[in-house]
Amino acid sequence: MKRDDITRRKFLVRLSAATGLSVGAGAFLAACGGGDSGSAPEAEVAAAAEPVAMGCTDVSGLTDPEVLLRTSLQYVDETPDADKTCEGCALFVAPESGAGCGTCTLIKGPIAAAGYCTSWAALPS
Ligand code: SF4
C-alpha cells in the first residue's frame, strides 16, 4: 500500500471517530480497498462499510473530496434536532418522485429528508 493511502486512512478514521460518524468514511475506506494497512481499527471499518437499509448513505459514486466534505459536515440520515431537518433546509432539493433520497446544493450524494448536517440553513420565511 502506498504511503498516501495510509495517511488518508488514518485521517478518515480519526475524523469519523471525532465526529461520531463512520458510515461515510467507512464506505470511502471500503472503496479504497479495505483495511489491509494494519493501522486502522478493522472491526470499526468493517462495521461502517455495512450497507444501511433504506438510507441515503451510498457515496460510491462520489469523489474522495466529495466524501470528505460530506463527512466533515457530519451529514446523517436522521437529524439529532427535530427542528432542523434537510427537508426544512434552504439547500435541500426534494426527490422528483416525492419519495426516496433528495439532493443538496452544498454536498453531493443522496440526502434524506429527515437528515441533517452542520451547514443547515433555515428556509426563507
Ligand atoms: S446543507 Fe446539510 S442540512 Fe441542508 S440539505 Fe444539505 S445536507 Fe441537509
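Mentor: The ligand takes up the space of the largest cavity; a molecule sits in a cavity if more than half of its atoms lie within 2 Å of its grid points. This is a predicted model, where local features need pLDDT of at least 70, side-chain atom pairs count only at pLDDT 80 or more, and totals for linings use all residues. Numbering runs from 1 along each chain, and side-chain values use heavy atoms, without hydrogens or water.

A cavity is a set of points on a 1 Å grid over the protein atoms alone where a 1.4 Å probe fits but cannot get out, and lining residues have an atom within 4 Å of a point. Here 14 residues line the largest cavity, and C86, C89, L91, C104 and C117 are the closest to its centre. Around the ligand you will find Y75, F92, I107, S119 and W120, among others, each with a heavy atom within 4 Å of it. By class, this shell has 9 nonpolar, 1 polar and no charged residues.

Note on methods
1 Å grid on protein atoms, 1.4 Å probe; cavity = no way out; pocket = protein on both sides within 12 Å on 5 of 7 lines; lining within 4 Å. Nonpolar A, V, L, I, M, F, W, Y, C, P; charged D, E, K, R; others polar.
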